Amino acid sequence: MEVESFENEEVAKLLNDWFVSIKSLTNLGVLKAFDLPYSSDMLLQVDREERPDVDKVYMTYVQALYGGGGWPLSVFLSPDLKPLMGGTYFPPEDKYGRPGFKTILRKVKDAWDNKREMIVKSGAFAIEQLSEALSASAGSNQLPDGLAQNALRLCAEQLSNSYDSRFGGFGSAPKFPRPVEIQLMLYQSKKLEESGKPGEAKESLKMVFFSLQCMARGGMHDHVGGGFHRYSVDECWHVPHFEKMLYDQGQLANVYLDAFFISRDILYSFISRDILDYLRRDMIGSEGGIFSAEDADSAEFEGATRKKEGAFYIWTSKEFPPYLKFLKNMLIFMFKIDDILGEHASLFKEHYYVKPSGNCDLSSMSDPHKEFKGKNVLIERNDSSALASKLGMSIQEYLDILGECKKKLFDVRAKRPRPHLDDKVIVSWNGLAISSFAKASKILKGEPQGTNFNFPVVGCDPKEYMEVAEKAANFIRRHLYNEQTRRLQHSFRNGPSNAPGFLDDYAFLISGLLDLYEFGGSTDWLDELFLDREGGAYFNTPGEDPSVLLRVKEDHDGAEPSGNSVSAINLVRLVSMVSGSKSDHYRQNGEHLLAVFESRLKEMAMAVPLMCCAADMLSIPSRKQVVLVGHKPSEEFENMLAAAHASYDPNKTVIHIDPTNTAEMEFWETNNNKVALMARNNFAADKVVALVCQSFSCRPPVSSPESLQHMLSNKSTSSSV
């Protein structure tokens with residue numbers, strides 16, 4: 001729409017003559033501050049990353065009235081911000097069986113001039129009805145018995161029925177890497193195994209592992225630079241929408257770490273490193289804040305007036321024809337793989353399905369408009385071991401050559417015009433990334449000694465990932481957290497934004513900080529700002545901006561998990577970390593929150609996979625606790641902490657305490673005196689002691705990583721002390 005309509009002179013004239021056009025949400029304040037002539041209505045282009053609360057209001061309106069939504073979102077508002085009409089993509093002219101944008105502008109202008117009272121009343125009524133429908137409240141204080149288990153089973157069954165056994169993933173094209181679906185299937189597999197159903201558990205894992213492998217081999221994965229693009233337009237994970245989003249990187253790194261947890265297959269640890277190393281190299285500011293996104297489009301060459309989708313990432317195969325040699329320096333974007341890789345070009349092209357005619361031919365959906373004719377999006381279609389054997393090489397030699405080739409391509413690609421970097425630091429998305437960096441710092445210690453890494457994986461010491469997590473958390477503390485009010489701002493770019501922190505910011509950051517603590521750091525900032533004390537659950541916005549017409553209790557676990565699902569899991573984790581009235585308080589809040597979404601869990605479990613997990617977690621009488629007591633930091637402590645996290649168990653809490661640290665002892669004496677007592681009774685100056693507990697009744701202590709891992713792998717959790 002930007003190219004077709006907003007840069008079109010005729011469209012611009014209609015907009016400027018009849019409307020107050022707003023592309024940036026910061027301009028909402030300008031409209032209120034100045035006495036603008038409100039004889040026209042306003043076209044609002046929503047920056048949903050900057051103000052997701054405003055986007056949610058008008059997206060909900062469009063979805064409710066027209067049965068679907070999406071971006072770009074164009075909504076026509078009255079001067080008091082009530083919606084009059086809206087939609088998503090409009091072509092510039094009438095086509096595809098839908099009205100063009102110019103037609104829409106004329107119709108809205110006509111309605112405003114001739115039917116103003118009717119459309120204003122209609123918009124106000126729609127908002128009233130939506131407000132009533134979306135301010136859900138709980139009919140009771142907790143879910144009915146058995147509902148959590150039924151919702152988990154139903155969601156897993158529905159996902160299994162949508163599983164693509166040929167290409168992996170759940171559902172059909174376009175395919176989105178919805179990590180919450182992977183999380184649910186892994187959680188359900190663990191439950192099945194614990195309930196004595198290893199065959200069913202294995203089937204769930206098989207679906208997850210194959211899906212993760214297909215995604216990693218596909219063109220949605222940036223094989224040269226690391227990280228993942230937004231989604232695949234086809235069913236085979238090949239041709240992506242080339243945008244890269246931080247929320248995808250954080251969540252995908254986590255599910256690949258979980259897969260490594262369970263399988264011990266280094267394929268998954270490599271991919272998690274691939275993602276995290278991409279973020280470290282390209283997406284982190286000098287003070288540690290992690291940037292939001294990279295655009296899909298970029299110029300094909302310096303000075304080009306138009307950007308093209310994927311121009312930075314795609315490749316051609318053969319040498320320039322002689323009569324085009326003079327263009328070679330200008331068209332750096334079209335450097336051929338044969339030119340760059342020389343003797344290894346054939347090996348690389350066979351591995352990544354590179355063809356002279358282009359390779360976007362695997363599906364009719366891959367390139368329907370022939371935008372990538374003659375171009376290649378790298379995809380792995382053959383087994384590396386088989387190709388190495390065919391060439392008479394060891395697998396390691398083969399992988400080393402591929403790594404060298406990718407480094408050469410990376411260096412050439414770096415000379416191309418880059419996609420635009422969105423260098424906003426968004427709290428919620430940083431929370432997701434903090435979680436993955438913190439977890440990687442211990443989980444990746446389980447990689448076999450002597451593991452070889454190839455570009456774009458750096459192969460750093462896993463503890464470096466903890467440093468990244470801590471720097472990001474400290475950036476938020478310094479720039480986006482007010483210690484007096486204990487409130488967050490939503491984002492930072494050349495200073496904090498005016499937007500307040502939203503539910504996702506608090507929920508995702510608290511989740512990230514809990515992981516930061518459990519994997520070796522410290523815990524802080526546990527806030528209950530967004531609790532709706534009468535109805536239960538959390539609103540998506542503080543409710544302090546009168547121009548935001550709806551406060552929504554979000555539940556949908558989509559590309560990002562819902563703030564309420566993550567909040568429920570946060571509360572479950574806190575229940576097993578603190579004791580007494582505080583623990584009871586967190587449990588009651590969690591139960592009340594989930595009760596709000598009872599009908600959703602009953603009727604549409606597949607829409608809320610992470611909430612299904614949260615409900616099951618809360619239904620478990622008590623979580624397993626691992627308490628480590630000893631000097632920090634030390635190599636012995638780090639090894640014991642890695643052992644505590646050496647097995648996949650989402651219903652486990654890890655607590656660590658150094659009895660010689662006065663601040664830590666005071667924290668636990670205030671929040672859970674049982675932990676402080678364990679620390680005093682089990683401290684030994686020359687070793688780290690581990691206790692495995694249920695409701696803080698514990699087995700005899702152990703003092704070696706091997707003994708701790710053995711105890712955690714034992715299904716029996718009966719306590720001896």
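**Entry 1: a glycine in a loop**

Leaving aside neighbours within four places in sequence, which residues is Gly 459 in contact with? I noted first that the model is a predicted one. Then I listed the partners of Gly 459, and they are Arg 273, Asp 277 and Phe 453. I placed Gly 459 in the loop between α16 and α17. With a relative accessibility of 29%, Gly 459 counts as partly exposed.

**Entry 2: the chain as a whole**

I stepped back for an overview. The chain has 721 residues, and 57% of them count as buried. I found 26 helices and 19 strands in its secondary structure. For contacts between residues at least 6 apart in sequence, I noted that 66% join residues at least 24 apart. The accessible surface comes to about 30400 Å², and carbon and sulfur atoms account for 50% of that.

I went looking for exceptions.

Where does Pro 456 sit? I found Pro 456 in the loop between α16 (427–443) and α17 (463–480). The peptide bond leading from Phe 455 to Pro 456 is cis, and its omega is near 10°. Gly 459, from my first entry, lies in the loop between α16 and α17 as well.

I wrote down another cis bond, from Lys 632 to Pro 633, with omega near -15°. Pro 633 belongs to the loop between β16 (624–629) and α23 (635–644).

Next I turned to phi. Leu 81 is not a glycine, yet its phi is positive, at about 75°. I located Leu 81 in the loop between β3 (74–77) and β4 (83–87). Is Leu 81 buried or exposed? Its relative accessible area is 8%, and the cut-off for buried is under 20%, so Leu 81 is buried.

Trp 237 also went on the list, with a positive phi of about 60° although it is not a glycine. I traced Trp 237 to the loop between β5 (231–232) and β6 (240–241). Trp 237 has a relative accessible area of 2%, so I put it down as buried.

**Entry 3: cysteines**

How many disulfides does the structure hold? I counted 1 disulfide. Cys 693 and Cys 698 form it, and their sulfur atoms are 2.0 Å apart. The torsion about their S-S bond is about 95°, so I recorded the disulfide as right-handed. Both Cys 693 and Cys 698 are buried.

I then checked Cys 613, which is in no disulfide. Its nearest cysteine sulfur belongs to Cys 612 and is 6.9 Å away. A pair has to be within 2.5 Å to be a disulfide, so the distance from Cys 613 to Cys 612 rules that pair out. Cys 613 is buried, with a relative accessible area of 2%. I looked up Cys 405 too, and at 2% relative accessibility it counts as buried.

**Entry 4: helix against helix**

At what angle do the axes of α2 and α5 cross? I took helix α2 (residues 9–18) and helix α5 (residues 101–114), whose axes come within 10 Å and cross at roughly 20°. Angles under 35 degrees count as roughly parallel, so that is the word I used for α2 and α5. The crossing of α2 past α5 is left-handed. On the α2 side, I listed Glu 10, Val 11, Leu 14, Leu 15 and Trp 18 as making the contact. On the α5 side, Phe 101, Lys 102, Leu 105, Arg 106 and Lys 109 make it.

My last stop was helix α20 (residues 580–596) with helix α22 (residues 609–619), which pack at an angle of about 135° with axes 11 Å apart. I therefore wrote them down as oblique to each other. α20 passes α22 in a left-handed crossing. From α20, the contact uses Arg 587, Gly 590, Glu 591 and Leu 594. From α22, Met 611, Ala 614, Ala 615 and Leu 618 take part.

Conventions
Residues numbered from 1 in each chain as written. Predicted model: local features only at pLDDT ≥ 70, side-chain atom pairs only at ≥ 80, totals over all residues. Heavy atoms only, no water. Helix = DSSP H or I, 4+ residues; strand = E, 2+ residues; numbered from the N terminus. Buried < 20%, exposed > 50% of the residue type's maximum accessible area, 1.4 Å probe, protein only. Contact = heavy atoms within 4.5 Å. Areas by Shrake-Rupley, 256 points an atom, 1.4 Å probe, with all protein chains shown as cover. Axes fitted to C-alpha atoms, helices over the stretch in contact; angles between N-to-C directions. Parallel < 35°, antiparallel > 145°, perpendicular 65-115°, else oblique. Left-handed = near helix turned anticlockwise from the far one by under 90°.
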